[in-house]
Amino acid sequence: MKKRKDSFFGLHFDFHAQPSDGFVIGATLKEEDIREICRLIKPDFIQIDCKGHPGWASYPSTLGNAMPEFEGDPLALWRKVTKEENVALYLHYSGVYDIKYCSEHPEETAMMADGSLYSGTTRTDGKYVDEILIPQLSEIIEKYGVDGFWIDGDCWCAKPDFRPESLTAFEKETGIDLGGRLPANPDDPYYDEYREYHRELFRRYVRHYVDTLHAKYPDVQIASNWSFSDHMPEKICANVDFLSGDLNPNNSLHSARYAARALAQQNHPWDLMSWNFRIRVGDRSACAAKHVNQILQEAAAVISLGGAYQNYIMQFKDGSPNLKEVRSLTKLSEFMREREPYCFRGTPVHEAALLLSTYDRKRESKRLYSRTGYEKIMGMTALLCDIGQSLEIVCEHTLEKGCEPYKMIVVPELYCGLADDTVDMLLEYAKNGGNLVISGKNTCYFFANAGIPLNVTNMPEFFGEGEKAYDNGGDNGHGKNAPAEYKSYFFTLDGNEFGALFSPCELSSDNGESVAYVHTNIRSPKASLAVEIPYGNGRITAIGFDIGSQYLNGTQYLHRTLMKKITERLYTPLVKVESVLGRLEIVPLLKDEKLMIQLVNAGGSHDNPYSATDDYIPPVLDTCISIELPQKPIKLMLQPENRSLPFIYKNGRAYVRIDRIDIHSIIEVVTM
């Protein structure tokens, strides 16, 4: 069986067992069904449930948390068949999040500042990890010989604990005297220090269970779900075997683009899972199965960056698989295997970098680890992808290796700022010839205060003077009130086409050149909204509004027009979209010393909250791209069709046309 680092495609099943469901676990599980999954879909691995967030083991455990009734041993049957079919078996296990354990051990449950207990959140420095987690995983390995574990409910469930003993331990370890005041709110002394202390407790907890299990069972492979990802954008500090996470089921394409880039920077085996169903229809909770074309698009966003992909299908409440949903994935299986030779374990070519600041994220996040503030970075990722701009996501620990490889570094809207050494590094990068783009009101103020020659003037949330400014009297003519704070500003590049924007600031610089303008209305005088400033041997371009969040929450074509104008002024990418009908994502990937240009169709209704599922993704048509190559290639091959593409080579670039891209195609550049 393949190790996880060599696995490209998998299936995930879970159902978070609990007695209230009233099912006998294993009652309808059949050997032939498991065998059909292995033979029909041909996954490298399968992940199934063994303990979900309710805390009940869905196999006959001896540790006191097993479900009340079983028919046979379902986990033994899954292991028997997957082993015979040469498919690796991993188990979904809820880590920090365990409702049953916490209800039975309130003393081992994390406490809020007001003395109440978090629901289901265990203390990471408590007894849970040694009383249940490690013994239970050991029991499973010894009894069933599984290949590894996908530990769910881990980093994103960890909380600061305000028990007296936790406060005392913090004071003893750090030497800080809290003086009896709880560091519970951002304004409290030592608030950040207390949260960082609990982040370190979580890191120790992961290192403890991973190292203990590896010492006893060297071949077992473990991931802590979402650790060292965009949820936890930190340098890897635990001996996990692979990184993984499951995407937002309601906007999985944008989520995949963002999360995949955050994982790819870690230079460690990684995969991402998308759900094969939506959990909302309009503004209501519901479960609606996605069409396979939607799943293919989500998979393409992951594998185009060199990662592996898994698809999540819910198990029935007795633990048996939903075969109808599984059988619908034969097209996904074929799609994955056709593309595996052209992308798996490839590495993106350095072009643009988008900063996901660990420093800033920690100060914004209400939890220890979460996606708080993701809109700014996910939206900027989507915007750059949608204009055909290849980019990587980097954190401070990635940039420590050097900024020089990147042709452009983008800093999205910040919550509070960056560490001094990061600012120095970015400004030195620009001074030495780099292209730095900063976006958002907070970011512009921050860098202006850091010394770049930029003047920032705040613009209010609505216009005029006094409380009644820009008030239309209430009714907007459509039977609805139009509060003044929701009135938008307008932006333009050329004075002919206007887009709406919110919360801008006016920018100016003595040596700068304006590239976009803001207006209070389409007839008002213009003010500078975006400005390009010479800085040493490089350039800094400032954008006076949070274009990332606003693109994510209300896509406008002028957002793309503006960003494309800014980037094209700064440099010509390795792969340039000369013309296209549709939204085309570009990822130049190095795979086995070959350039494999990933072309992902980013169109469709994936980001429309009122389009839950769709069977049609419009193809990308009439694409013309140019590729910078030092010498004329022998041929350009369209993969996986293995079709030779005619091209023209001039001035160091190969120009090639592709009539149609349905979901994901690859141009293989053959040079020898």
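Q: How far does the confidence go, what is the mean pLDDT of the chain?
A: This is a predicted model, and the mean pLDDT of the chain is 94, with 96% of its residues reaching 70 or more.

Q: And where does pLDDT stay under 50?
A: That is the case over residues 464-476, for which the model has 17 contacts beyond four places in sequence. Where pLDDT is low, the predicted coordinates should not be read in detail.

Q: OK, on to H16, where is it found?
A: H16 is found in the loop that lies between strand 1, residues 9-14, and helix 1, residues 31-41.

Q: Is H16 buried or exposed?
A: H16 counts as buried because its relative accessibility is 19%, and the cut-off for buried is under 20%.

Q: Which residues does H16 touch, leaving out those up to four places away in sequence?
A: H16 touches D21, D49, G52, H53, P54, H92 and D152. As for H92, its C-alpha atom is separated from that of H16 by 9.2 Å, although the two residues are 76 apart along the chain.

Q: Switching to the sheet, in what order do the strands come?
A: The open sheet is formed by 9 strands in the order 15-14-16-17-24-23-22-19-20, and the pairing is mixed. Its edge strands are strand 15 (391-394) and strand 20 (498-501), each of which pairs on one side only. On average, neighbouring strands of this sheet are turned by 25 degrees against each other, with direction ignored.

Q: Why is strand 23 largely enclosed?
A: Strand 23, residues 527-535, has 8 of its 9 residues buried, so the rest of the structure largely encloses it. On one hand, strand 22 (residues 513-519) is joined to strand 23 by 5 bridges in an antiparallel arrangement, and within that pairing A516 stands opposite A530. On the other hand, 6 bridges join strand 23 to strand 24 (residues 538-543), and these two also run antiparallel.

Q: How many residues are between strand 23 and strand 24?
A: The two strands form a hairpin with 2 residues between them, and G536 in the turn has a positive phi of about 60 degrees. Y535 has G538 in strand 24 as its bridge partner.

Q: What about strand 19 and strand 20, how many bridges?
A: Strand 19, residues 489-492, pairs with strand 20 in the antiparallel sense over 4 bridges, with Y489 standing opposite L501 in strand 20.

Q: Which strands does helix 12 lie across?
A: Helix 12 (residues 374-386) lies across strand 14 (352-355), strand 15, strand 16 (408-411) and strand 17 (435-439), and it runs at about 165 degrees to strand 15.

Q: Last topic, helix 5: which residues are buried?
A: In helix 5, which covers residues 164-174, S166, L167 and F170 are buried. Seen down the axis of helix 5, its buried residues fall within an arc of 100 degrees, so they line one face of the helix. What covers these buried residues includes helix 6 (191-216).

Q: And which exposed residues does the face turned away from the buried side carry?
A: That face of helix 5 carries P164 and K172. After helix 5 comes G175, whose phi is positive, near 80 degrees.

Methods:
Residues numbered from 1 in each chain as written. Predicted model: local features only at pLDDT ≥ 70, side-chain atom pairs only at ≥ 80, totals over all residues. Heavy atoms only, no water. Buried < 20%, exposed > 50% of the residue type's maximum accessible area, 1.4 Å probe, protein only. Contact = heavy atoms within 4.5 Å. pLDDT = per-residue confidence, 0-100. Pairing = 2+ DSSP bridges. Axes fitted to C-alpha atoms, helices over the stretch in contact; angles between N-to-C directions. Arc of directions from axis to C-beta.
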